[in-house]
Amino acid sequence: MAEAATVRRSRITPERETELYAAVLDLLREVGYEALTMDAIAARTKSSKATLYRQWGNKPELIARALRHNKPVSIEDIDTGSLRGDLLETANRSDDCQMEQDAALMRSLFHAIHKNPELHQALRQLLIEPEITGLNALLRRAVDRGEVAADNPALDFVIHMMVGAFVARDLIEDRTVDREFLRSYIDAVILPALGV
């Protein structure tokens, strides 16, 4: 049965998949998670609802996969040779406009997560855990290079500091995070906490 699903999934070309994911994210931005339906996605993408369910199972998985696809570079793949360079490169992966769009998407999804355990699980599995794994690999390389002490307690909180930057700036300053803010935050908060 799983093999049949894999065969079916492969019928969608990478180009078509990219187009479909972009349409899903556009719809999500337009109407929000709660109002987004598989019918609307099918209509926008000129797909059948049956195809969508066969390919992605449910709305939470489709949205989580669309968000993951929207982040084509894994943090784990970034290796400039220094922790500062790696963290700054993570900040440079998106332009300011993309960051603003992504922040708006995530704000709407954070609200929906509390009401929808399937969405929470899909986002955790397909988006959050890969990012945490990638960040941990990046930090492990910094420890291996001797840039950060292996017993530095701040290592366990880097992901919290990164997420905190996004949440706090919006909450405190009513402004979305941009690359300039992230670069300053990395230099003023994260690197000093790690002893770099």
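Trainee: In what order do the elements of the protein chain run from the N terminus on?

Mentor: Helices (H or I, at least four residues) and strands (E, at least two) are DSSP runs, numbered from the N terminus. Here the order is α-α-α-α-α-α-α-α-α-α, that is, ten helices and zero strands. This is a predicted model, in which local features need pLDDT of at least 70, side-chain atom pairs count only at pLDDT 80 or more, and totals for chains, interfaces and linings use all residues. Residues are numbered from 1 along each chain as its sequence is written, and side-chain values use heavy atoms, with hydrogens and water left out.

Trainee: Where does UniProt place the feature "DNA-binding region"?

Mentor: Such annotations may be inferred rather than shown by experiment, and their positions follow the numbering used here, with feature names shortened. The unreviewed UniProt entry gives residues 37–56. That span is 80% helix and 0% strand, with its end C-alpha atoms 14 Å apart.

Trainee: Which residues of helix α3 are buried?

Mentor: Buried means under 20% relative accessible area, exposed over 50%, and partly exposed in between (1.4 Å probe, protein chains only). In α3 (residues 38–45), M38, I41, A42 and T45 are buried. Seen down the axis of α3, these buried residues fall within an arc of 100 degrees, so they line one face of the helix; the arc is that of the directions from the helix axis to the C-beta atoms.

Trainee: What covers the buried residues of α3?

Mentor: Contact means heavy atoms within 4.5 Å. The cover includes α2 (14–35), α4 (49–56) and α5 (59–69). Just after α3, K46 takes a positive phi of about 55 degrees.
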